[in-house]
Amino acid sequence: MDPAEFDLKRNLLIRAKHGSDLVQFITELAEDRGITAAVFTAIGAIKHAKLGFYDQEKHKYHEIIVDSPHEIASCIGNVSLKDGKPFVHAHAVLAGEDGNTKAGHLIEAIVFAAEIHLRELKGVKLERKYDEETTLSLWR
Ligand code: ZN
């Protein structure tokens, strides 16, 4: 694909609601603010989470359950459109009590406290479509 070009628009700094799912929170933020393309980072802590590792042979996510409090050492992601609605794609590195980390595709993360920096992008419509090679929804 050719690169999609955007101008940087609003910068939003927001604290995610305690007990919310971080992915859902960012999705609703984008929906509420009419944001169709963005990049974001988040730091903070979670109560528990579900990460994914995409099995490239079986073409499905293997789930990694994180069932204890962890720091969000790093979370990065983007917002684009899927089926005409804002869709969040996020990856995270989560650090446990001993500093050991679990990382992967972020499926769900129940927030203890989290600070999000979202940068809105304005430009072309960036849509995800089913990709036959990977069986993932990828940018067109
Ligand atoms: Zn991913």
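Trainee: Which residues touch the most other members in the largest nonpolar core?

Mentor: Of the 29 residues in that core, they are Leu22, Phe40, Cys75, Leu106, Ile116 and Leu118. E1, H1, E2, E4, E5 and E6 each supply at least two residues of this core. Keep in mind that this is a predicted model: local features need pLDDT of at least 70, side-chain atom pairs count only at pLDDT 80 or more, and totals for chains, interfaces and linings use all residues. Residues are numbered from 1 along each chain as its sequence is written, and side-chain values use heavy atoms, with hydrogens and water left out.

Trainee: What makes a set of residues a nonpolar core?

Mentor: Its members are buried Ala, Val, Leu, Ile, Met, Phe, Trp, Tyr and Cys residues joined through side-chain atoms within 4.5 Å.

Trainee: Why is Val111 called buried?

Mentor: Buried means under 20% relative accessible area, exposed over 50%, and partly exposed in between (1.4 Å probe, protein chains only). Val111 has 0%, so it counts as buried. Its place is in strand E6.

Trainee: Which residues does Val111 touch?

Mentor: Contact means heavy atoms within 4.5 Å. Not counting residues up to four places away in sequence, Val111 touches several, including Gly19, Leu22 and Ile46. Gly19 is 92 residues from Val111 in sequence, yet their C-alpha atoms are 5.1 Å apart in space.

Trainee: What makes His89, His91 and His105 donors of the zinc ion?

Mentor: Donors are N, O and S atoms within 2.8 Å of the metal (3.2 Å for Na, K and Ca); water is not among the atoms, so sites may look incomplete. His89 (NE2), His91 (NE2) and His105 (ND1) lie 2.1 Å from the zinc, so they qualify. His91 is in strand E5 and His105 in strand E6, so this pair ties together parts 14 residues apart in sequence.

Trainee: Are His91 and His105 buried, partly exposed or exposed?

Mentor: At 38% relative accessibility, His91 is partly exposed, whereas His105, at 17%, is buried.

Trainee: How do you know that E2 and E3 pair?

Mentor: Pairing takes at least two DSSP bridges between two strands. E2 and E3 have 7 and run antiparallel, so they pair.

Key:
Helices (H or I, at least four residues) and strands (E, at least two) are DSSP runs, numbered from the N terminus.
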